[in-house]
Amino acid sequence: MLILTLRTDKPEAEVGLFDDKTQIAYETWAAHRELSVQLHRKIEAILHSQGKALTDIGGIVCFAGPGSFTGLRIGLTVGDVLAYGLTQPVVGAKDPDWIQNGIDRLLRGENDKIAMPEYGAPVHITVSKK
């Protein structure tokens, strides 16, 4: 199974490609405030570098947190939408072994259907001024 991994909780974003448990490509880059612009390009580039297309993806693992509110929202939304559009499973994973745990869950046939973020603290929403 071709598995796409996404981590977007910090300024350095990560995209990986695995053939079951074997890493075949991985990229980390300083995304900072350009994450929403760069993430799709990085996914396309990593797939292209291996002669693969989006339709080859058999599952998606997203880092679910804790981490940056906006970063997690971007990465998990991209992962969830790709999984939905490709009709493939998606799982959210956390902890230092998030990739291995997420891949294990996919290979067991698990599917979160919607990978949800865990921010690690209550979200601070400002009160409307109007």
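Student: Which handedness does the crossing of H1 and H2 have?
Tutor: H1 passes H2 in a right-handed crossing. Do keep in mind that this is a predicted model.
Student: Okay! At what angle do H1 and H2 pack?
Tutor: The angle is about 40 degrees, and the axes of the two helices are 10 Å apart. That angle makes H1 oblique to H2.
Student: And which residues meet there?
Tutor: From H1 you have Leu-35, Ser-36, Leu-39, His-40 and Ile-43. They meet Gly-71, Ile-74, Gly-75, Val-78 and Leu-82 of H2. By class, this contact of H1 with H2 has six nonpolar residues, four polar ones and no charged ones.
Student: Which residues of H2 are buried?
Tutor: Among them are Gly-71, Leu-72, Gly-75, Leu-76 and Val-78. Asp-80 is also one of the buried residues.
Student: What do the buried residues of H2 pack against?
Tutor: Their partners are strand E1 (2–7), helix H1 (35–49), strand E4 (59–63) and strand E5 (90–93).
Student: And what follows H2?
Tutor: Thr-87 does, and its phi is positive, near 50 degrees.
Student: New topic: is Thr-5 buried or exposed?
Tutor: Thr-5 counts as buried because its relative accessibility is 0%, and buried means under 20%. You'll find Thr-5 in strand E1.
Student: Leaving aside neighbours within four places in sequence, which residues is Thr-5 in contact with?
Tutor: Its contacts include Glu-14, Val-15, Phe-18, Tyr-26, Val-61 and Trp-98.
Student: Now the backbone. Where is there a cis peptide bond?
Tutor: Look between Gly-65 and Pro-66, where omega is about 0 degrees. Pro-66 sits in the loop between E4 and H2.
Student: What about the phi of Asp-20?
Tutor: Asp-20 is not a glycine, yet its phi is positive, about 55 degrees. Asp-20 belongs to the loop between strand E2 (12–19) and strand E3 (22–30). With 31% relative accessibility, Asp-20 counts as partly exposed.
Student: Last one: where is Lys-113?
Tutor: Lys-113 is in the segment after helix H3 (98–107). Lys-113 has a positive phi of about 65 degrees, although it is not a glycine. Its relative accessible area is 63%, so Lys-113 is exposed.

Key:
Residues numbered from 1 in each chain as written. Predicted model: local features only at pLDDT ≥ 70, side-chain atom pairs only at ≥ 80, totals over all residues. Heavy atoms only, no water. Buried < 20%, exposed > 50% of the residue type's maximum accessible area, 1.4 Å probe, protein only. Helix = DSSP H or I, 4+ residues; strand = E, 2+ residues; numbered from the N terminus. Contact = heavy atoms within 4.5 Å. Axes fitted to C-alpha atoms, helices over the stretch in contact; angles between N-to-C directions. Parallel < 35°, antiparallel > 145°, perpendicular 65-115°, else oblique. Left-handed = near helix turned anticlockwise from the far one by under 90°. Nonpolar A, V, L, I, M, F, W, Y, C, P; charged D, E, K, R; others polar.
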